[in-house]
Amino acid sequence: MLPALFSPLTIGPYHLKHRVVMAPLTRMRAARETLAPRPLNVEYYAQRATPGGLIIAEASPVLPTGTGSPNVPGIYSAAQIAGWKQVVDAVHAKGGFIFLQLWHVGRVSHSSFQPGGALPVAPSAIAIGDDLKAMTAEGKGAAYETPRALETDEIPALVAAYGQAARNAMEAGFDGVEVHGANGYLIEQFLQTRSNQRTDRYGGSIENRCRFLLEVTEAVIAACGADKVGVRLSPYGIANGSGEPEPMPLHTHAIEALNTLGIAYLHLIEPRSSGAGRADVNWQNVPSAIALFRPIWKGVLIGAGGFTGEPAEAAVAGGQADAIAFGRYFISNPDLPARLQHGWPLTPYNRPTFYGGEEKGYTDYPAYDATVNA
Ligand SMILES: Cc1cc2nc3c(=O)[nH]c(=O)nc-3n(C[C@H](O)[C@H](O)[C@H](O)COP(=O)(O)O)c2cc1C
């Protein structure tokens, strides 16, 4: 059943046995003090690992200042590397592969996360609109502040932080890293005119707005090799105050430039699911990102956003994507690949337990028991 989805795929040096990928999912359940993964997180990832399956682990800040929600695991300290190593070892023990998503939230932060209560940094001093709320370090809602625009000479250190984070991920044993260029965070803030009004070489033209993404990707490639690097983008997305008036020329340029870097994969989020972390949206009449950009992207393409088994099979069989990443259904179905393959029913997800807490809504979703349900 679903023969295309359950056929092998090579990504970089890795031979996947199926194409059901676990999407990166922020769950806000790392150790409070160290922001390191803890045994509960190890159990969660181990539950979702399958032989020859790929997990993209949750977005992990590359710097403390790149954080915008409490209890998300970082990848900048020795304790975090050690915590992640436990996760990686558990996934490898089940024969799975695991990449780590590298994150800097930019203006989607709050001064309570910043040393000395400083303002978050961003390409330009433009706040996210009043219709959305920031989260404080205490997990409370607050108005978004106007960020401080980065000086040009601060940018190389930020780029280098992504490179160091990639080295840290390799030290933890990850099979690769994914650059988070989606969902309105720092890299996408550089890409889009609504958050980038810079007049230096990082702003203005499309080439200049793509520069930060490409420099970060190159720094990460230098750290772990191009065949261990993926990039995630969300053309037509609107998450976290993002939204480019004309996404096609911008993303065409970005993707053509990425084509030259020889990375392991490109990961595109469908517009219909751009805000999936906050609300169920399923917009109609918006373009499909994988359909639009498949002709431009020359490498392995992962699609994500609003997929279930049959549409995922159709996308892969039709050549629109090489693999499909699942988010919400991987939360509530630890054995999602088996359920899709056998046509078993999916457990619905429980949105109130997405972010923060302990095992409830995290490690307590059962695997399907075919003997009981036969
Ligand atoms: C609870 C939750 C947390 C998420 N965290 C991340 C994240 O850390 N990084 C990211 O790129 N996308 C994140 N997303 C988006 C998902 O990776 C995915 O693109 C989205 O849920 C749409 O896929 P789905 O329809 O299969 O859920 C998150 C989504 C949810 C629901």
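An oxygen atom of the ligand sits 2.6 Å from a polar backbone atom of G306, a polar contact in the sense used here (N or O atoms within 3.5 Å; within protein, one atom must be able to donate a hydrogen and the other to accept it, and residues adjacent in sequence count only if both atoms are side-chain atoms). The model is a predicted one, so local features need pLDDT of at least 70 and side-chain atom pairs count only at pLDDT 80 or more, while totals for chains, interfaces and linings use all residues. Residues are numbered from 1 along each chain as its sequence is written, and side-chain values use heavy atoms, with hydrogens and water left out.

In total, 19 residues surround the ligand, with T26, Q101, R232, G306 and R328 the closest; a residue qualifies if one of its heavy atoms lies within 4 Å. By class, that shell comes out as 8 nonpolar, 9 polar and 2 charged residues, with Gly counted among the polar ones.

Next up is helix α2, residues 78-93; helices are DSSP runs of H or I with at least four residues, and strands are E runs with at least two. Its 16 residues should span 22 Å at 1.5 Å a residue, which agrees with end C-alpha atoms 22 Å apart; the expected span is 1.5 Å times one less than the number of residues. The buried residues of α2 are Q80, I81, G83, W84, V87, V88, A90 and V91, where buried means under 20% relative accessible area (1.4 Å probe, protein chains only). Their cover includes α1 (39-48), β4 (54-61), β5 (97-103) and α3 (155-171). After α2 comes G95, with a positive phi near 85°.

Most residues other than glycine have a negative phi. M28 lies in the loop between β3 (20-22) and α1, and N71 in the loop between β4 and α2. M28 counts as buried because its relative accessibility is 9%; for N71, also buried, the value is 15%.

Finally, N208 belongs to helix α5 (residues 206-224) and is buried, at 16% relative accessible area. A polar atom of its side chain lies 3.0 Å from the backbone oxygen of G203. Leaving aside neighbours within four places in sequence, N208 is in contact (heavy atoms within 4.5 Å) with D200, R201, Y202 and G203.

Key:
Buried means under 20% relative accessible area, exposed over 50%, partly exposed in between (1.4 Å probe, protein chains only).
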